[in-house]
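Have the viewer open as you read.

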Amino acid sequence: MNTQGKVFKYPDNVDTDVIIPARYLNTPDAAELALHCMEDIDTDFVKQVQPGDVMVAGWNFGCGSSREHAPLVIKTCKTGCVIAKSFARIFYRNAINIGLPILECEQAAEEIAAGDQVKVDFDTGVIADLTTGKTYQARPFPPFIQNIIAKGGLLASLKED
Amino acid sequence: MGMTMTQKILAAHAGLDSVEAGQLISAKLDIVLGNDITTPVAVNEFNKAGFTEVFDKDRVAIVLDHFVPNKDIKAAEQSKTCRDFACTHCVSHFYDVGKMGIEHALLPEQGVVTAGDCIIGADSHTCTYGALGAFSTGVGSTDMAAGMATGTAWFKVPSAIRFNLTGKLSADCSGKDVILTIIGMIGVDGALYKSMEFVGKGVHTLSMDDRLCICNMAIEAGAKNGIFPVDDVTLAYLDGRSERMPVVYEADADALYEQQIDIDLSQIVPTVSCPHLPENTRPAAELGGVKIDQVVIGSCTNGRMEDMEIAYQTLRGKKIADGVRCIIIPATMKIYKECVEKGYVSAFIDAGAVVSTPTCGPCLGGYMGILAAGEVCIATTNRNFVGRMGHVDSKVYLASPATAAASALTGYITAPQEVQS
């Protein structure tokens with residue numbers, strides 16, 4: 001599996017309240033919620049994002065609430081993956097459980113610029129910045145988590161077990 | 001190698017003699033929790049995956065607290081989804097309007113959670129129950145669905161930071177000042193993926209409400225859980241309340257910690273987190289120039305009885321400053337009733353405050369106290385992110401009930417001592 005697209009760059013500590021503000025959480029409908037993805041810090045994201053595009057952020061991406069709606073709206077916007085220096089633990093868990101690809105890579109998150117074209121190979125963890133020509137190696141998932149992802153998420157993996 | 005208290009609980013629930021940091025385990029769950037925002041997503045996943053029964057109707061807790069009494073039609077539909085699911089599966093711990101409270105105040109109060117438990121909740125502040133000596137952590141809705149179906153969850157065993165508490169808090173400080181001070185020291189990801197274990201001679205000086213508040217905000221330092229040892233204060237709290245027998249776990253003497261941080265409680269001062277991160281802490285006394293439009297006293301962090309008592313002591317016989325809206329929200333119906341019976345509600349109303357039935361409402365910008373552009377609120381809640389309580393150009397300062405109530409009287413951020421007569 002891989003993705004290729006344009007980079008949207010975000011700072012450290014992007015919290016779930018800006019990924020999807022709680023004022024919209026009176027519905028579980030992902031398509032409706034996705035209209036508001038990132039709007040409190042980036043009103044252009046929803047207008048500009050194309051399938052396969054990549055979010056690149058700093059430390060502690062997805063901190064704050066446990067709302068699964070956060071990775072869900074990013075996925076529903078057809079974002080190809082999120083690369084960050086680190087992820088908050090509940091967001092990390094939720095992303096795996098719902099099948100949103102995420103990669104931890106400090107150097108890539110530091111160096112890749114907004115608007116760059118990047119290509120990401122989830123199997124190898126190789127991130128290629130096609131704009132600068134540089135490549136980066138993300139930390140691979142442990143086999144236990146790879147198994148959940150390969151089976152299509154947590155519930156699908158439980159059914160199979 | 002010895003185990004931390006958290007590791008001991010996880011090992012026991014995984015059926016293992018020992019575990020070590022980084023190990024992936026499958027653990028049995030004592031309680032699986034959800035609320036009116038996260039449960040509908042879990043119900044959808046549960047049904048979609050073809051599950052037909054919950055693992056144990058007495059081990060699932062569903063609490064309607066974020067948007068109830070329902071703020072609008074969509075919120076009402078979400079509550080109805082929860083209600084129907086609870087009815088279909090005979091969920092014994094289902095708390096609707098009239099019985100409900102803010103989940104993390106309610107479950108300890110009602111004895112649903114107890115010492116030694118392994119708990120997941122589809123709400124990030126599920127880490128609160130560590131105050132009782134339980135392992136308790138926030139997860140998402142899919143984990144909740146899987147937990148309800150199987151009674152188990154996978155965990156990566158966390159390493160831990162040991163907070164060695166000594167001394168005793170001064171009269172104008174409470175658990176909130178402790179946890180804000182710690183988050184200011186270590187940052188919002190200072191305990192990422194780790195346990196925060198609170199130990200030391202200072203522990204016994206902290207009330208259960210202080211401990212619940214401290215563990216509640218462990219997530220604001222990125223932690224997987226916060227946890228206190230079980231002592232006389234814990235056992236007195238659980239006595240006559242706990243539905244199940246408490247089980248006491250202790251960290252091994254040779255347990256491995258990543259770090260030890262010493263905290264002298266006597267040196268803690270009234271502390272405020274400035275916008276827009278909980279780690280932006282400063283002494284309340286240094287923020288006197290900050291004018292406020294609104295005060296919120298409540299939430300899963302600070303809506304308990306001791307918090308109401310502090311608000312009462314500060315506000316009784318006085319008047320809220322002109323131009324300030326003061327919203328007080330007791331966290332459970334039991335606390336609400338006690339506030340009525342003790343005359344606190346009358347005193348709050350006479351001071352010019354409003355008192356709401358239990359709800360998470362304003363804390364997450366849901367309803368019941370939303371801020372306009374440019375407005376400033378001092379709140380006893382737990383997050384001050386951009387747009388958390390309303391408009392993206394509004395600001396939230398986090399503080400203790402004592403500091404929030406003092407500020408309500410002056411209209412500016414005010415340390416508690418400044419208004420004591």
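Q: Which residues lie nearest the centre of the largest cavity?
A: Keep in mind that this is a predicted model. The structure holds four cavities of 30 Å³ or more, and the largest has a volume of about 230 Å³. Its lining runs to 22 residues, and those nearest the centre are His66(B), Asp123(B), His125(B), Leu364(B) and Arg388(B).

Q: Which elements give two or more residues to the lining of the largest cavity?
A: The lining of the largest cavity divides into seven nonpolar, ten polar and five charged residues. As for elements that give two or more residues to this lining, they are helix H4 (103-109) and helix H9 (299-302) of chain B.

Q: What volume does the largest pocket have, and which residues are closest to its centre?
A: The largest pocket has a volume of about 560 Å³. Of its 26 lining residues, the closest to the centre are Tyr92(A), Glu104(A), Arg139(A), Lys156(B) and Tyr193(B).

Q: How do the residues lining the largest pocket divide into nonpolar, polar and charged?
A: Both chains supply elements here: H5 and strand S4 (102-104) of chain A, together with strand S7 (152-156) of chain B, each supply at least two residues of the lining. By residue class, the lining of the largest pocket comes out as 15 nonpolar, three polar and eight charged.

Q: Where does the largest share of the lining of the second largest pocket come from?
A: The second largest pocket has a volume of about 470 Å³. Of its 23 lining residues, Met1(A), Pro101(A), Phe122(A), Phe141(A) and Ile149(A) are the closest to the centre. H5, S4 and H7 of chain A each supply at least two residues of this lining. The largest share, three residues, comes from H7(A).

Q: How many salt bridges are found across the interface of chain A and chain B?
A: The contact takes 40 residues from chain A and 50 residues from chain B. Between them the two chains bury about 3600 Å², 60% of it on carbon and sulfur atoms. There are also 18 residue pairs in polar contact across the interface, both partners at pLDDT 80 or more. The number of salt bridges found there is three.

Q: Which element gives the most to the side of chain A that touches chain B?
A: Asp143(B) forms a salt bridge with Arg93(A), with the closest N and O atoms 2.7 Å apart. Elements giving two or more residues to the chain A side are helix H1 (16-19), helix H5 (89-98), helix H7 (143-150) and helix H8 (154-160) of chain A. With seven residues, the one that gives the most is H5(A).

Q: Where is Pro69(B), which a cis peptide bond joins to Val68(B)?
A: Most peptide bonds are trans. The bond joining Val68(B) and Pro69(B) is cis, with omega about -10 degrees. Pro69(B) has its place in the loop between strand S3 (60-63) and helix H3 (73-88) of chain B.

Q: What is omega near for the cis peptide bond from Pro275(B) to His276(B)?
A: His276(B) is found in the loop between strand S12 (271-273) and strand S13 (281-283) of chain B. The bond from Pro275(B) to His276(B) is cis, and its omega is near 0 degrees.

Q: What is the phi of Asn60(A)?
A: Most residues other than glycine have a negative phi. Asn60(A) lies in the loop between strand S2 (54-57) and helix H4 (69-76) of chain A. Although Asn60(A) is not a glycine, its phi is positive, at about 65 degrees.

How values were computed:
Residues are numbered from 1 along each chain as its sequence is written. Chains are lettered from A and ligands numbered from 1 in the order in which they are written. This is a predicted model: local features need pLDDT of at least 70, side-chain atom pairs count only at pLDDT 80 or more; totals for chains, interfaces and linings use all residues. Side-chain values use heavy atoms; hydrogens and water are left out. Contact means heavy atoms within 4.5 Å. Buried area is the accessible area (1.4 Å probe) that two parts lose on being put together, summed over both. A salt bridge is a side-chain nitrogen of Lys or Arg within 4 Å of a carboxyl oxygen of Asp or Glu. A polar contact is a pair of N or O atoms within 3.5 Å; within protein, one must be able to donate a hydrogen and the other to accept it, and residues adjacent in sequence count only if both atoms are side-chain atoms. Helices (H or I, at least four residues) and strands (E, at least two) are DSSP runs, numbered from the N terminus. On a 1 Å grid over the protein atoms alone, a cavity is a set of points where a 1.4 Å probe fits but cannot get out, and a pocket is an open set with protein on both sides within 12 Å along at least five of seven lines; lining residues have an atom within 4 Å of a point. Grid points are joined across faces, edges and corners, and a volume is the space filled by probe spheres set on the points. Ala, Val, Leu, Ile, Met, Phe, Trp, Tyr, Cys and Pro count as nonpolar, Asp, Glu, Lys and Arg as charged, and the others, Gly among them, as polar.
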